[in-house]
Amino acid sequence: MTDHPRDRFDLMPDTAAETAFVEALERGRLHHAWLLCGPEGVGKASFAYRAARRLLGAAPDPVRGPLGARPDDPVSRLVSAQSHPDLLVLERLVEGGKTKRNISVDQARDLPEFFAKSPSRARHRVAIIDAADDLNLNAANALLKVLEEPPERGVLLLVTHAPGRLLATIRSRCRRLAFPVWSEDRLADLIARRTGVVGEAGRRAAAMAGGSPGRALALAEGPVVEADELARAWVAAETVDRAEQLAVIDGFRGAEGQARFDMLMARLIAAVRERALEAGPGQGSRWAELWTRLSDLPDRASGLNLDKGDVLSGALADLARTKAAVC
């Protein structure tokens with residue numbers, strides 16, 4: 001399992017963004033609110049924690065980049081333990097094993113009280129909102145009130161995957177930092193350094209990641225690569241071996257069954273999408289229709305509490321009908 005962003009020290013999301021932040025800090029022109037923009041998984045949250053550690057007084061470690069800090073630094077330890085008194089993190093809560101849909105207004109109301117206090121261990125108080133996209137309307141308005149009256153020695157780091165969804169009044173009060181997607185070569189190098197996965201497996205994980213280093217590291221894990229190989233084989237084969245299908249369905253049982261199901265369905269949907277893009281105009285539309293149907297399945301299965309084995313069997317039957325139609 002990949003590390004939480006607060007525990008990542010050797011992943012430098014973007015040199016330009018880090019350099020811009022360090023220069024603003026060193027020149028005494030640090031903005032009170034930073035909007036960290038880019039596709040999900042490109043390292044925005046990792047940057048937020050790297051910036052927070054610097055603001056909270058962690059000693060710089062240039063080997064780890066402009067905002068690098070050592071994991072054994074006392075500040076780093078407090079941040080990783082979620083116990084630094086000058087750091088507040090707002091993210092979706094988990095209750096009963098399920099992650100809530102939004103960051104609530106009650107959580108956002110912690111911001112004014114937090115920033116009303118003076119820093120206890122550092123020069124700054126820092127709040128990370130991961131992600132600002134998850135704020136409900138009332139929570140967004142509570143944040144806006146804080147932005148309208150910038151706290152003295154307070155800094156907000158707002159992660160956003162879709163800045164256009166935020167209130168324009170929030171966007172206008174923040175300095176924006178853009179985080180681009182990573183190239184496949186850079187992702188393959190990251191995978192090799194962090195996981196030891198090289199060669200075809202590493203390149204495939206890099207290609208599947210869509211420019212996201214976080215996703216690339218997760219995809220490099222053995223089960224994901226195996227699921228991708230199985231899904232590609234099923235899409236390419238004339239028929240799916242029934243015994244193999246039943247063996248896979250049997251793996252959906254137990255505590256990790258849901259994760260295996262989600263992983264396989266995601267790779268099957270991706271493999272069908274790839275076929276749709278590769279196929280000619282006539283066949284491509286059939287594959288695209290299948291991709292649309294399969295894309296809805298995981299959410300429907302979860303919402304209706306459908307049997308995972310039945311869902312996969314139905315997906316493979318739909319796949320077989322599509323193959324027959326394009327022959």
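Strand β1 (33-37) is largely enclosed by the rest of the structure, because 5 of its 5 residues are buried (buried means under 20% relative accessible area, exposed over 50% and partly exposed in between, with a 1.4 Å probe and protein chains only). The model is predicted, so that local features need pLDDT of at least 70 and side-chain atom pairs count only at pLDDT 80 or more, while totals for chains, interfaces and linings use all residues. Residues are numbered from 1 along each chain as its sequence is written, and side-chain values use heavy atoms, leaving out hydrogens and water. The protein has 15 helices and 7 strands, these being DSSP runs numbered from the N terminus (helices are H or I with at least four residues, strands E with at least two).

- β1 runs parallel to strand β6 (residues 154-160) and is joined to β6 by 5 bridges; two strands pair if DSSP finds at least two bridges between them.
- Within this pairing, Cys37 stands opposite Thr160 in β6.
- β1 also pairs with β7 in the parallel sense, over 4 bridges, and the bridge partner of Trp34 in β7 is Arg175.

**The sheet as a whole**

- An open sheet is formed by 5 strands in the order β2-β5-β6-β1-β7, with parallel pairing.
- β2 and β7 (175-178) stand at the edges with a single partner strand each, so one side of each is left without a neighbour in the sheet.
- From one strand to the next, the twist averages 20 degrees.
- Helix α1 (residues 15-26) packs on the sheet, where α1 touches β1, β6 and β7, and its direction makes about 150 degrees with that of β7. Contact means heavy atoms within 4.5 Å; axes are lines fitted to C-alpha atoms, for helices over the stretch in contact, and angles run from 0 to 180 degrees between N-to-C directions.

- Strand β5 (residues 125-130) has 5 of its 6 residues buried, so β5 is largely enclosed by the rest of the structure.
- β5 pairs with strand β2 (residues 87-90) in the parallel sense over 4 bridges, and Leu87 stands opposite Val126 in β5.
- β5 and β6 run parallel and are joined by 6 bridges; Ile129 stands opposite Leu158 in β6, and the bridge partner of Asp130 in β6 is Val159.
- Together, β5, helix α6 (residues 137-148) and β6 make a right-handed β-α-β unit. A crossover is right-handed if, with the strands pointing away from the viewer, the path from the first strand over the helix to the second runs clockwise.
- Helix α6 lies across β1, β5 and β6, and runs at about 140 degrees to β6.

- Helix α1 and helix α2 (residues 44-55) pack at an angle of about 25 degrees with their axes 11 Å apart.
- α1 and α2 are therefore roughly parallel to each other (angles under 35 degrees count as roughly parallel, over 145 as roughly antiparallel, 65 to 115 as roughly perpendicular and the rest as oblique).
- Ala17, Glu18, Phe21, Val22 and Leu25 of α1 meet Phe47, Arg50, Ala51, Arg54 and Leu55 of α2.
- Ala45 lies in helix α2 and is buried, with a relative accessible area of 12%.
- Not counting residues up to four places away in sequence, Ala45 touches Pro5, Asp130 and Val159.
- The C-alpha atoms of Ala45 and Ile129 are separated by 8.9 Å, although these residues are 84 residues apart along the chain.

**Helices α14 and α15**

- The axes of helix α14 (residues 281-304) and helix α15 (residues 308-326) come within 10 Å and cross at roughly 175 degrees.
- α14 and α15 are therefore roughly antiparallel to each other.
- Residues making this contact include Trp287, Leu290 and Leu294 of α14 and Ala315, Leu319 and Thr322 of α15.

**Overall features**

- The C-alpha trace of the protein spans about 70 × 40 × 40 Å along its principal axes.
- Of the 327 residues of the protein, 46% count as buried.
- Among contacts between residues at least 6 apart in sequence, 71% join residues at least 24 apart.
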